[in-house]
Amino acid sequence: MNKLCLSQTLVKNAVVLDHEPFHSKEEMFEMMADKFLEAGIISNKQAYLNALEYRESIGSTYMGNMIGMPHGKCDEVLKSGIGFCRCKEPFIYESHGESGKVKYIFMLAIPGSQSGEEYMRVLANLAGLLVHDDFLQILSKCTDYDNLIENIENYNK
């Protein structure tokens with residue numbers, strides 16, 4: 001997988017547009033973990049939340065530019081998936097001693113068996129897209145999952 005195919009890894013049931021701002025990153029973790037559980041991406045919500053918190057203890061997942069990219073890797077992740085949440089207004093996202101306003105969240109669920117190299121490539125590819133203002137415009141204007149996928153695919157051409 002040399003090029004991240006967001007359209008294949010974005011989980012339809014875990015795309016949430018125009019959510020009210022969260023009171024905390026942990027509240028957002030809970031909501032998105034519920035979406036992954038309902039979609040069959042994870043088998044155990046608490047194990048996945050623990051994996052997210054463990055990752056937060058290692059380093060910041062605040063990316064700047066109003067983006068948070070939390071990720072959890074554990075055996076209870078049944079298949080790789082990316083959730084996306086766009087908030088109506090930014091909220092304060094605190095991660096490993098950093099904090100900033102976040103409006104766009106890409107949350108990754110990574111199976112424990114997935115290689116570190118593949119996992120880092122997915123993160124790097126996603127981060128590479130998120131540095132482009134025109135890509136952020138797509139995120140700000142999408143109306144639903146299908147519109148988001150269509151715009152991402154057109155952007156990648």
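Reader: In β6, which residue is the bridge partner of glycine 68?

Author: Isoleucine 105. This is a predicted model, where local features need pLDDT of at least 70, side-chain atom pairs count only at pLDDT 80 or more, and totals for chains, interfaces and linings use all residues. Residues are numbered from 1 along each chain as its sequence is written, and side-chain values use heavy atoms, with hydrogens and water left out.

Reader: What counts as a strand, and what as a pair of strands?

Author: Strands are DSSP runs of E, at least two residues; helices are runs of H or I, at least four residues; both are numbered from the N terminus. Two strands pair if DSSP finds at least two bridges between them. Here, strand β3 (residues 67-68) pairs with β6 in the parallel sense over two bridges.

Reader: How many bridges join strand β4 to β6?

Author: Four, and the strands run parallel. β4 covers residues 71-74. Its glycine 72 stands opposite alanine 109 in β6.

Reader: Do β5 and β6 run parallel or antiparallel?

Author: Antiparallel, with 11 bridges. Arginine 86 stands opposite tyrosine 104 in β6. The hairpin of β5 and β6 has two residues between the strands, and histidine 96 takes a positive phi near 50° there.

Reader: Is β6 largely enclosed or open?

Author: Start with the cut-offs: buried means under 20% relative accessible area, exposed over 50%, partly exposed in between (1.4 Å probe, protein chains only). Strand β6 (residues 98-111) has 10 of its 14 residues buried, so the rest of the structure largely encloses it.

Reader: Why does arginine 86 count as buried?

Author: Because its relative accessibility is 4%. Arginine 86 is found in strand β5 (residues 81-95).

Reader: Which residues is arginine 86 in contact with, leaving aside neighbours within four places in sequence?

Author: Contact means heavy atoms within 4.5 Å. The partners of arginine 86 include Val16, Leu17, Asp18, His19, Lys103 and Tyr104. Leu139, Ser140, Lys141 and Cys142 are also among them.

Reader: At what angle do α2 and α3 pack?

Author: Axes are lines fitted to C-alpha atoms, for helices over the stretch in contact, and angles run from 0 to 180 degrees between N-to-C directions. Helix α2 (residues 25-39) and helix α3 (residues 45-58) pack at about 135°, with axes 10 Å apart. That makes α2 oblique to α3. Under 35 degrees counts as roughly parallel, over 145 as roughly antiparallel, 65 to 115 as roughly perpendicular and the rest as oblique.
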